[in-house]
Amino acid sequence: MFPACLRIPALACAFLIVIPGSANAQKDSTRLRLIFVSCPVPPPQIELVSKSKEGEWEQHHELQPRSPFITEWIAVPTGALFLAVREGETVTPVASFTYPDGAKRALAIVSVKGPKGTWQVETLDPSRLRFSKGTTLVANYSEWPGVVALGKRREKIGPGKRRVLKPAVGEDGMYRMMVAYTDEQARLVPCYDRYVSFTSEGREFLLLLPDEVLGLKVFSLPEFGPCLLYTSDAADEHRDV
């Protein structure tokens, strides 16, 4: 189980500034994707940094996060990484985490909780979750009980839970993917509905993230491709985030 997210004030879009990583990071095959479940309002400009052997800060990415928000894959070194704010020449870490040992691709789930706005980061190596080709990793980072249907297979995904699911594919190679959540009045609220072409070679992330306006926002995240955002008011639109 991973931490469920509490409702905190958050914004709904993201502006991403891409800064080339260091030479060492670019040569490394390890990649990281940041998923902001929540962040302060107003959100500060954040840098993803590490420390060199000489004790100097090395910047790998710079971004203006909002929530929910997902970055593209970022080349990073292994070992200790930090989210930090910079004021002039002063770099102040707000959170630290370690890249999962042996992982080629990893996710870092970022949230800000509590009255003092404490930053928390959970790292995830999908390869250690029996996340095989042809399956979908569903993770519910909201406070709402979720219901996910992959074809005729229907599963409940509680707050703070994740499941690896294999779609029930039709004879035409397609399956219907639907997501809903149960609100405070015990009503089932649909928020995602589309037909998906199955590929046995792909792996998919389906992230259920909290949203102050919609209640739940669904992100479809191919393992190596761009992040696609689907909501109840734009179920058939593909938008890189």
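A residue is called buried when its relative accessible area is under 20%, exposed when over 50%, and partly exposed in between (1.4 Å probe, protein chains only). C191 is buried by this rule, with a relative accessible area of 4%, and C39, at 2% relative accessibility, counts as buried too. With a disulfide taken as a pair of cysteine sulfur atoms within 2.5 Å, the count comes to 0 disulfides.

A word on the ground rules: this is a predicted model, where local features need pLDDT of at least 70 and side-chain atom pairs count only at pLDDT 80 or more, while totals for chains, interfaces and linings use all residues. Residues are numbered from 1 along each chain as its sequence is written, and side-chain values use heavy atoms, leaving out hydrogens and water.

Now let's step inside. A nonpolar core is a set of buried Ala, Val, Leu, Ile, Met, Phe, Trp, Tyr and Cys residues joined through side-chain atoms within 4.5 Å. The largest one has 20 residues, and L32, L34, L48, L83 and W119 have the most contacts inside it. At least two residues of this core come from each of β1 (31-36), β2 (46-51), β6 (80-87), β7 (90-98) and β8 (105-113); strands here are DSSP E runs of at least two residues, numbered from the N terminus. The most come from β8, with 4 residues. Apart from this core lies another, of 17 residues, including W144 and Y192.

Finally, look at E184, in the loop between β14 (174-182) and β15 (188-197). E184 is exposed, because its relative accessible area is 66%. Its C-alpha atom is separated by 8.6 Å from that of W144, 40 residues apart along the chain.
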